[in-house]
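Take a look at the structure shown here.

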Protein chains: 2
Amino acid sequence: MARTRRPRKSLLLGRAESTRRGPSPAITLGALNSHLGYFVRRLQIWVFQDFIRTLERIDLSPAQYSVLVVISANRGLSQAELAATLGVERARLVRLLHRLEGRRLIQRLRSSADGRRHALRLTPQGQTLLARAKTLAARHEARLIGRLRPERYKMLLDAMRDF
Amino acid sequence: MARTRRPRKSLLLGRAESTRRGPSPAITLGALNSHLGYFVRRLQIWVFQDFIRTLERIDLSPAQYSVLVVISANRGLSQAELAATLGVERARLVRLLHRLEGRRLIQRLRSSADGRRHALRLTPQGQTLLARAKTLAARHEARLIGRLRPERYKMLLDAMRDF
DNA sequence: TATTGTTATACTCTATAACTATA
DNA sequence: TATAGTTATAGAGTATAACAATA
């Protein structure tokens, strides 16, 4: 089992110059330096790389983690609600949930009130794995705080959260 | 021509609750709320959506824009250097550059000093299109400043840039 | 008719391996 | 042998359309 998942390495918009080795010709990012999106993307890739590696040992992707978290916090919600909350296509959720169900982490129960809906919930194994994932995720978050410096971390979190 | 490119809509980690319509069952994001990565991703998607729409009218993706920008700022650089700077695989650059070359926006010149390398540069058409793209990009950036509020925009940019 | 879950298709992006031609 | 550019493949993510069952 334990599907081989590999961390993402690339940035759509560009990468930190520090990655270039040696003195070399010193390539510049040009106009990319005046795009907030470039830096947001860079930070996002960096954070996700660490998060992917963090959850790798329990064979969970960030997407799977977020699915478990939202199901756990909203026991019995439907696939359409989950899709809307996570911003993924209903169609994509199908395979995602299928795999989690195959690993006995979640259950899909036909709703008695509305025969079209599946009520989603974690199995006991799912709850156990999510608890483990949250412990790992907390360590990841602590790592971020250390690397970004606590003041900057807090500033970024406050600014983005309240946006 | 004008390939149909569609804006990305989904968020790996989740979406703003505000997206949910009506009072409804009020689904919560649970533990996602304590992850900086979740908010960074959310902001990144939001910024990129606007950027993608911005460049759509000149049939340019963010990746293509960043390629043109870096070539423009580093005339004559090699594909390997470009790949390292942008953090994309050398392999992926091939097709990307092939398309830009097909549209006569860039040129690949065999290096006389080292027969293995291709020296990259913009064609006059490429320079013209990039100039147009930069104008559009500046409007996009102005939109971000307005939506995020100038103080927050500056704070975020400073914090991420100097990280 | 509209919605839920599902299947299918097409395209993008990522990771990797292997090939060629040069060095 | 190492590097630059290339080709090919496999997997994940995204956008879309269409279908059956249910409302």
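F51(A) has a relative accessibility of 3% and therefore counts as buried, a term that means under 20% relative accessible area with a 1.4 Å probe and protein chains only. Y65(A), at 1%, is buried as well. This is a predicted model, in which local features need pLDDT of at least 70, side-chain atom pairs count only at pLDDT 80 or more, and totals for chains, interfaces and linings use all residues. Residues are numbered from 1 along each chain as its sequence is written, and side-chain values use heavy atoms, leaving out hydrogens and water.

Six aromatic pairs occur over all chains; rings of Phe, Tyr and Trp (its six-membered ring) pair if their centres lie within 6.5 Å, and planes over 60 degrees apart make a pair edge-to-face. F51(A) and Y65(A) form one such edge-to-face pair, 5.3 Å centre to centre with 80° between the planes. Because F51(A) lies in helix α1 of chain A and Y65(A) in helix α2 of chain A, the pair ties together parts 14 residues apart in sequence. Helices here are DSSP runs (H or I, at least four residues), numbered from the N terminus.

Two salt bridges are counted between chain A and chain B, each a side-chain nitrogen of Lys or Arg within 4 Å of a carboxyl oxygen of Asp or Glu. R152(B) forms a salt bridge with D162(A), with the closest N and O atoms 2.4 Å apart.

Methods. Chains are lettered from A and ligands numbered from 1 in the order in which they are written. Rings of Phe, Tyr and Trp (its six-membered ring) pair if their centres lie within 6.5 Å; planes under 30 degrees apart count as stacked, over 60 as edge-to-face and the rest as tilted. Helices (H or I, at least four residues) and strands (E, at least two) are DSSP runs, numbered from the N terminus. Buried means under 20% relative accessible area, exposed over 50%, partly exposed in between (1.4 Å probe, protein chains only).
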